[in-house]
Amino acid sequence: MAKFLANGVRHHVQRLPARQDSPGPAPVVVFVHGVFIDTLASFYFTLAPAFAAAGCEVITYDLRGHGKSERPPSGYRIDDFVTDLDALLDEMGVTAPVHLVGNSFGGTVAFGHAVRRPDRVASLTVIESGPATRAWTEIMAGALYKVTVEPDQAMAWFTTEFGRTVANLTPPQQAHLERLARAATRLMETTSIVLDIPTSTTVDDEALRAVRTPVLLLVGGGGLVSDETDRLQALLPRSRTVVMPGYKHAVLVEAPHQVGEATLAWIREQHAAATPAPEEVETG
Amino acid sequence: MSIEYAPLAADADVVLGEVAGMIREVLEEYEPEDLEIGMATRFGEDLEFESIDLVAMADHLNARYGEVVNFAEYLASMELDEIIELSVGQLVEYIVACLRAVEGG
């Protein structure tokens, strides 16, 4: 299991090399998973193999405190996660601009990276997600407040709340959710994450208008961010929205093929636009 | 600690023994009590595997079988419920089929 020390935290990384040659350099795609119950497994067993088979260099990693990465007691603001990602790319020797794909909270981290390091981000795909605006921190504070006042109810709260994000929850998924909720409870009990997330530095409208990175907003029809998406698309100068009707916040795990197709088409388009055609390279 | 393996064999009993060893390594950090691992054992319900433990399993499979067995691709072809309910036997049969395909090819 590959581990990289980035920003003082040992991160679990999985890389899938491109399994198909492409003319010119292969696009480098970095998948960033969601918070609490999520790990890199959400991408590793859905989009990652297909992207590698389609000729992408795939990188996915466990965020600090999650999966098989180290769980430090503090440092869980968006800025910390962004610094982790930036340092991780350095440690892995990735110098080309990357295509970031973030699910839920991972999309917020990816947005933060595009704002801080636009030179390093070729494109952004955010699934059921958005930037860390003031409204976002207020929603997170409201959602996490219950956990801070009734910590012994944290696990029950998780299974209920996350159960609501799935359009069709089956009995095996319910049992799996309870196992994942145990990991989330460990994270909340042993770290400052619940206090840190809502006190993250926010991104204002002016900063969003200045984002030159192409952004794909992928949303579930009945998801958590559909109300904000129109406003976000109006602010971002280069953005496109794709709505997946019939799905909620958990659209990535419920409709991986549709999400994968839309994301891969978008990345190919952005990669082609940013890469000189082979003829131009030869004659230039 | 890494495991010393014999040459690859497309034999279900041999593969089951190897897979069981890998499962014990993955679960080592949870300090499980004596584990009975058979073909009917399920990763989720019986072994309490979280999805990230299956990624660790993929690392072990890759170290043992190389590109012959693509566990990530195998799981990506399944519905979520099928992944959650995956049994050791299903994995063993998949590995044996991959090894046979290589032997036959």
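The model is predicted. In chain B, helix 1 packs against helix 5 at about 125°, and the axes of helix 1 and helix 2 of chain B cross at roughly 135°. Helix 2 and helix 5 of chain B cross at roughly 30°. Between chain A and chain B, about 2100 Å² is buried.

**Helix 1 and helix 2 of chain B**

- Helix 1 of chain B spans residues 12-27 and helix 2 of chain B spans residues 51-65, and their axes come within 10 Å.
- With a crossing angle of roughly 135°, the two helices are therefore oblique to each other.
- The crossing of helix 1 and helix 2 of chain B is right-handed.
- From helix 1 of chain B, the contact uses Val15(B), Glu18(B), Val19(B), Met22(B), Ile23(B), Glu25(B) and Val26(B).
- Helix 2 of chain B answers with Asp53(B), Ala56(B), Met57(B), His60(B), Leu61(B), Arg64(B) and Tyr65(B).
- By class, this contact of helix 1 with helix 2 of chain B holds nine nonpolar, one polar and four charged residues.

**Helix 1 and helix 5 of chain B**

- The axes of helix 1 and helix 5 of chain B are 9 Å apart, at an angle of about 125°.
- Helix 1 and helix 5 of chain B are therefore oblique to each other, and their crossing is right-handed.
- Helix 1 of chain B contributes Ala12(B), Val15(B), Leu16(B), Val19(B) and Ile23(B) to the contact.
- Facing them in helix 5 of chain B are Val88(B), Leu91(B), Val92(B), Ile95(B), Val96(B) and Leu99(B).
- The contact of helix 1 with helix 5 of chain B has eleven nonpolar residues, no polar ones and no charged ones.

**Helix 2 and helix 5 of chain B**

- Helix 5 of chain B covers residues 88-104, and its axis comes within 13 Å of the axis of helix 2 of chain B.
- Angles under 35 degrees count as roughly parallel, and helix 2 and helix 5 of chain B are therefore roughly parallel to each other.
- Helix 2 of chain B passes helix 5 of chain B in a right-handed crossing.
- Met57(B), Leu61(B) and Tyr65(B) of helix 2 of chain B touch Leu91(B), Ile95(B) and Leu99(B) of helix 5 of chain B.
- This contact of helix 2 with helix 5 of chain B consists of six nonpolar residues, with no polar and no charged ones.

**Interface of chain A and chain B**

- Contacts join 26 residues of chain A to 24 residues of chain B.
- Carbon and sulfur atoms give 59% of the area of about 2100 Å² buried between the two chains.
- Phe45(A), Lys68(A) and Arg179(A) supply 33% of the area that chain A buries against chain B, more than any other three residues.
- Four salt bridges are found across the interface of chain A and chain B.
- Arg182(A) and Glu48(B) meet through their side chains in a salt bridge, at 2.4 Å from N to O.

**Salt bridges over all chains**

- Side chains of opposite charge can pair when their charged atoms come close.
- Over all chains the count comes to 16 salt bridges.
- Within chain A, Arg120(A) forms a salt bridge with Asp90(A), the closest N and O atoms being 2.8 Å apart.
- Arg120(A) lies in the loop between helix 4 (105-116) and strand 6 (121-127) of chain A, and Asp90(A) lies in helix 3 (residues 78-91) of chain A, so the pair ties together parts that are 30 residues apart in sequence.

Note on methods
Residues numbered from 1 in each chain as written. Chains lettered and ligands numbered in written order. Predicted model: local features only at pLDDT ≥ 70, side-chain atom pairs only at ≥ 80, totals over all residues. Heavy atoms only, no water. Axes fitted to C-alpha atoms, helices over the stretch in contact; angles between N-to-C directions. Helix = DSSP H or I, 4+ residues; strand = E, 2+ residues; numbered from the N terminus. Parallel < 35°, antiparallel > 145°, perpendicular 65-115°, else oblique. Left-handed = near helix turned anticlockwise from the far one by under 90°. Contact = heavy atoms within 4.5 Å. Nonpolar A, V, L, I, M, F, W, Y, C, P; charged D, E, K, R; others polar. Buried area = accessible area lost by both parts, 1.4 Å probe.
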